[in-house]
Amino acid sequence: MTHVSYDRTAAGLPLGRMAVRPAGFACLPGDPAAALPGARVVPDEEALRAEVRAAVAEHLEPVLAGFGPRMRRRGRALWGMATDEVVEGLWYVAHLLGEQERGRRELELLLPGATRPYVGTAAFRELKGPDGEPLHTRDRASCCMFYTVRPEDTCATCPRTCDADRVGKLLATAS
């Protein structure tokens, strides 16, 4: 954490200012950035995905250790939540970029399962709408517990949501 700083009192910025100083980065052999200082060239895309998994885990471990006691969750439950949020966050960015299909493919490669400390896979699957149209969803490894606040408003990817309700929620958000 010595390479990240946050100044929430920065004048003129409503959310403050964050600075990150990377110690290095991984890239593929053909990447133009391979010649830059701090570049660590890895042999292939799977090695690059392993670097991403390791970097995210290294960042999240102290965060989860700090929040775990307050959340009354430990180990697998925390990593299930973290896995879900990594997938959901990157899937959302892919959606914003109009790259949902590519995002799903890449996330399935990034988190194929058995990639400790992450729990499970990206867990994408396809449901059929009333007219046979494909509806993409995923099965979360954990529950965000939002149903305890508003039971009628569970997530479309909640493990507590049956497929019929998922279809309804997915159709409602698509329109």
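**View 1. The aromatic pairs of the predicted model.** Across the whole structure, a search finds two aromatic pairs, where rings of Phe, Tyr and Trp (its six-membered ring) pair if their centres lie within 6.5 Å, and planes under 30 degrees apart count as stacked, over 60 as edge-to-face and the rest as tilted. This is a predicted model, in which local features need pLDDT of at least 70 and side-chain atom pairs count only at pLDDT 80 or more, while totals for chains, interfaces and linings use all residues. Residues are numbered from 1 along each chain as its sequence is written, and side-chain values use heavy atoms, with hydrogens and water left out.

**View 2. The pair of Trp-79 and Tyr-118.** The ring centres of Trp-79 and Tyr-118 are 5.6 Å apart and their planes stand at 80 degrees, so the pair is edge-to-face. Because Trp-79 lies in helix 2 and Tyr-118 in the loop between helix 3 and strand 5 (124-128), the pair ties together parts that are 39 residues apart in sequence; helices (H or I, at least four residues) and strands (E, at least two) are DSSP runs, numbered from the N terminus. Both Trp-79 and Tyr-118 are buried, a term that means under 20% relative accessible area, with exposed over 50% and partly exposed in between (1.4 Å probe, protein chains only). Leaving aside neighbours within four places in sequence, the residues in contact with Trp-79 include Ala-57, Leu-60, Glu-61 and Leu-64, as well as Tyr-118 itself, where contact means heavy atoms within 4.5 Å.

**View 3. The pair of Trp-91 and Phe-124.** This pair is also edge-to-face, with 4.7 Å from centre to centre and 75 degrees between the planes. Trp-91 in helix 2 and Phe-124 in strand 5 are 33 residues apart, and the pair links these distant parts of the chain. Trp-91 counts as buried because its relative accessibility is 14%, and Phe-124 counts as buried because its relative accessibility is 13%.

**View 4. The largest nonpolar core.** This core has 16 residues, and those with the most contacts inside it are Trp-79, Val-87, Leu-107 and Phe-124; a nonpolar core is a set of buried Ala, Val, Leu, Ile, Met, Phe, Trp, Tyr and Cys residues joined through side-chain atoms within 4.5 Å. Two or more residues come from each of helix 1 (45-71), helix 2 (75-96) and helix 3 (100-110), and helix 2 supplies the largest share, six residues.
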